[in-house]
Amino acid sequence: MLNALRRLSLLIVLLAAGSPVAAQAAESGDCLAGSPGSPVKIEVFSDFQCPACRAFYMETISRIFPEYAETDQVCIAYREFPLAMHQHAKKAARYGHAAMRLGPQQWRMVSDAMFAAQPEWAGSGDIDPVIQKVLSPDDWAALQKEMQDTAALDALIETDFNLGRELGVNSTPTFFVTANGKTEKIPAAVRYAILKRYLDNLLEK
């Protein structure tokens with residue numbers, strides 16, 4: 001009983017201190033924004049080194065986050081689908097999964113940084129400084145610790161990739177929209193205005 005109370009006290013201290021341990025870990029397929037109860041789910045199969053994925057994230061998804069996900073109308077989930085043609089995509093995918101382990105907020109920060117700086121690291125693979133500058137020292141240390149678990153991260157990437165293949169994904173970005181009991185596959189980087197009209201139509205039903 002005493003040990004349990006000590007563990008609880010330690011957890012309270014960590015939460016109050018804003019430690020990265022306090023973040024709730026996420027997994028592929030989880031809502032990184034929005035909630036499981038949202039009426040619409042968008043699940044994206046993406047490659048951090050893919051220019052079309054960059055455009056889709058920065059020009060479309062980044063606007064869906066505040067307008068639809070943060071109001072619990074849409075759940076946004078991401079899965080890693082690194083293409084063999086992109087030399088550094090798997091390393092970036094490891095960072096994606098490692099960031100999910102820290103929590104949705106850290107995943108957003110890491111994803112924002114990697115997509116924004118894609119032209120900088122795509123040639124060299126030097127992703128570390130791109131991410132380090134956007135995280136707190138504690139989150140950076142926690143992320144590096146997660147990155148050491150290479151085998152587990154690669155297994156998660158393989159699971160995502162195999163699921164994508166089963167669902168007929170052969171290019172990135174490909175995303176699936178589930179609403180009203182139906183799922184539609186969209187293999188394209190859809191522009192924000194088009195996706196907005198589509199979502200508004202689904203939410204009206």
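**Close-up views of a predicted model**

**View 1. The disulfide between C31 and C75.** In this predicted model, C31 and C75 form a disulfide with their sulfur atoms 2.1 Å apart. The bond joins distant parts of the chain: C31 lies in the loop between α1 (2–17) and β1, C75 lies in strand β2, and the two are 44 residues apart. The torsion about the S-S bond is about -110°, so the disulfide is left-handed. A search of the whole structure finds one disulfide. C75 has a relative accessibility of 2% and therefore counts as buried.

**View 2. Strand β2 and its pairing with β1.** β2 is mostly covered, with seven of its seven residues buried. V74, I76, Y78 and E80 point one way from the strand, while C75, A77 and R79 point the other way. Strand β1 (residues 40–46) runs parallel to β2 and is joined to it by seven bridges. Within this pairing, V44 stands opposite Y78. β1, α2 and β2 together make a right-handed β-α-β unit.

View 3. The 14 residues of helix α3 (residues 89–102) should span 20 Å at 1.5 Å a residue, and the end C-alpha atoms are 20 Å apart, which agrees. The helix is mostly covered, ten of its 14 residues being buried. Those buried are A89, A92, A93, Y95, G96, H97, A98, A99, M100 and L102. The elements that cover them include β2 (74–80), α4 (104–116), α5 (118–121), α6 (128–132), α7 (137–147) and α8 (150–166). Just after α3, G103 takes a positive phi of about 140°.

**View 4. The nonpolar cores.** The largest nonpolar core has 50 residues, and those with the most contacts inside it are I42, Y78, M114, I131, L143, F175 and L199. Helix α2 (residues 51–69) supplies the largest share of this core, eight residues. A second, separate core consists of five residues, including F45, F81, L83 and F176.

**View 5. The contacts of M114.** Neighbours within four places in sequence are left aside in this view. M114 is in contact with F48, A92, Y95, G96, W121, I127, V130 and I131.

Conventions: Residues numbered from 1 in each chain as written. Predicted model: local features only at pLDDT ≥ 70, side-chain atom pairs only at ≥ 80, totals over all residues. Heavy atoms only, no water. Core = buried A, V, L, I, M, F, W, Y, C linked by side-chain atoms within 4.5 Å. Buried < 20%, exposed > 50% of the residue type's maximum accessible area, 1.4 Å probe, protein only. Helix = DSSP H or I, 4+ residues; strand = E, 2+ residues; numbered from the N terminus. Contact = heavy atoms within 4.5 Å. Expected span 1.5 Å × (residues − 1). Pairing = 2+ DSSP bridges. Right-handed = clockwise from strand over helix to strand, strands pointing away. Disulfide = S-S within 2.5 Å.
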